[in-house]
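User: Hi! I am new to reading protein models and would like to learn with an example. Could you walk me through this one?

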Amino acid sequence: MIKLIFAFLIIASCYNEKEQSFTLTEKTYKKWRDYIVPTEQDLAWTRIPWRTSFQEGLIEAGEKQKPMLLWAMNGHPLGCT
Amino acid sequence: MWRLQRVQDEDAFVFQEMADKGHYRRIGGTRQGIYVCSPSGMLLSSINSLNPDDVLKMIENGLVNWNALPLSDRKISSDFEPKARHRWENSYPENGMVLNLSKIDLFSDPPLQSERSDRWNRDFVWFNNDEVSQWIPENPQEGYVYSLPDILLDRLFCFHLVDNTRGQTLPFAPQEIKESHIEIEVTDISNNSIQIKISGNSKAVSRGPWLLGENDWTPNYELDHGISTNLLGYATYDLNLEKFTAFEIVSIGSRNGKTQNNGRQNSPDSGYIGFYFTLAKDIPSERIAPAFVDVYNADWIVQP
């Protein structure tokens, strides 16, 4: 009987631990925050001082007599504009 | 990007004419990609690729073509001024609060950097001055607990706590937010600043017909998808400056289903997403409008 109770407690504690995965508490806050925050590698593209307006980019390219590099994507990395 | 390839505006016309000669070589459809062009909008080279070597080669080709251009083609004429009559960024809340929101898939607990997805996304969350004041109770006292008003709950749960980690998704209609609650607890008041703890949860379920009317997001078919979230965060409000000087929220979302363009074709039907909100910097690349700005629940956003 005691063995059975032990087995039940072990199974119950495993089940509880599994249930607690991916939970957000004061205790787990830092763990998740530190993982979700973009890494230096994720943000490598931000080292370029991108302009965010095609119009302003063309005018600046004209003033500087340089060609313009345009990165135009929906949603990422500079949003839906 | 959406604006440049879709709207009837002078700067958009210059882009559309250039992009139609680019890698897709067709009029209409998506014009997403990476381009090198002259100041007058003459296409020099383009590609839509995630391969850095191919992109570098395209840029080098663009430079070769630029150097081959006669001087007259490198200049812009004095009357060339492709004005943008409307940009969502013109509604940037100068005296409000802008949050930088990062999101990424969570595969394991504890999370492993070795398993980190190379796909993540970001968005910006806008609040005007009046909305910022609603994050703080009117007469804050230490220990006071305050429920965040519906307008701010909808802002977060309809438009930002969504599954666009791998691609573009859809907003939720307010009726699709089945549960939503955020509690603000005043944890400390001292030195003219208020410390608050933010906690809450939500459940959004989208099943059946699209509820947000005819707009640019209207899907071609009905899509079942949803997300449940838990949130926890901390912020500091400066009473003298009348603004937040620190603000962060972490949220874990349990998602299910997929939408038309959110890149879940090869993903399991359900999974976890991590969200992180923090104050955006006042730099050009962080003054971008929210992805769903055109359907935002904010009447101070200037429409075209």
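This is a predicted model: local features need pLDDT of at least 70, side-chain atom pairs count only at pLDDT 80 or more; totals for chains, interfaces and linings use all residues.

User: Leaving aside its neighbours within four places in sequence, which residues is B:Asp294 in contact with?

Analyst: Residues are numbered from 1 along each chain as its sequence is written, chains are lettered from A and ligands numbered from 1 in the order in which they are written, and side-chain values use heavy atoms, with hydrogens and water left out. Now to your residue: contact means heavy atoms within 4.5 Å. Apart from neighbours within four places in sequence, B:Asp294 is in contact with B:Trp88, B:Asp216, B:Trp217 and B:Gln303. B:Asp294 lies in the segment after strand S10 (270-279) of chain B; helices (H or I, at least four residues) and strands (E, at least two) are DSSP runs, numbered from the N terminus.

User: Which side chain does B:Asp294 join in a polar contact?

Analyst: A polar contact is a pair of N or O atoms within 3.5 Å; within protein, one must be able to donate a hydrogen and the other to accept it, and residues adjacent in sequence count only if both atoms are side-chain atoms. Here the side chain of B:Asp294 has such a contact of 3.0 Å with that of B:Trp217.

User: How do I read salt bridges, and how many are there over all chains?

Analyst: Side chains of opposite charge can pair when their charged atoms come close. The rule asks for a side-chain nitrogen of Lys or Arg within 4 Å of a carboxyl oxygen of Asp or Glu. Over all chains, the search finds 17 salt bridges. Among them, A:Arg51 pairs with A:Glu60 at 2.7 Å, N to O, and B:Arg87 pairs with B:Glu89 at 3.7 Å, N to O.

User: Are B:Arg87 and B:Glu89 buried or exposed?

Analyst: Buried means under 20% relative accessible area, exposed over 50%, and partly exposed in between (1.4 Å probe, protein chains only). B:Arg87 counts as buried because its relative accessibility is 12%, and B:Glu89 is buried too, at 11%. A:Arg51, by comparison, is partly exposed at 42%.

User: Which salt bridge does B:Arg287 form?

Analyst: Its partner is B:Glu94, with the closest N and O atoms 2.5 Å apart. This pair links distant parts of the chain, 193 residues apart: B:Arg287 is in the segment after S10 of chain B, and B:Glu94 is in the loop between helix H4 (71-74) and strand S3 (97-106) of chain B. B:Arg287 is partly exposed at 23%, whereas B:Glu94 is exposed at 53%.

User: How many residues does each chain bring to the contact between chain B and chain A?

Analyst: Chain B gives 70 residues and chain A gives 45 residues. Buried area is the accessible area (1.4 Å probe) that two parts lose on being put together, summed over both. Between these chains that area is about 5200 Å², with carbon and sulfur atoms giving 65%. Four salt bridges cross the interface, and B:Lys197 with A:Glu26 forms a salt bridge at 2.5 Å, N to O.
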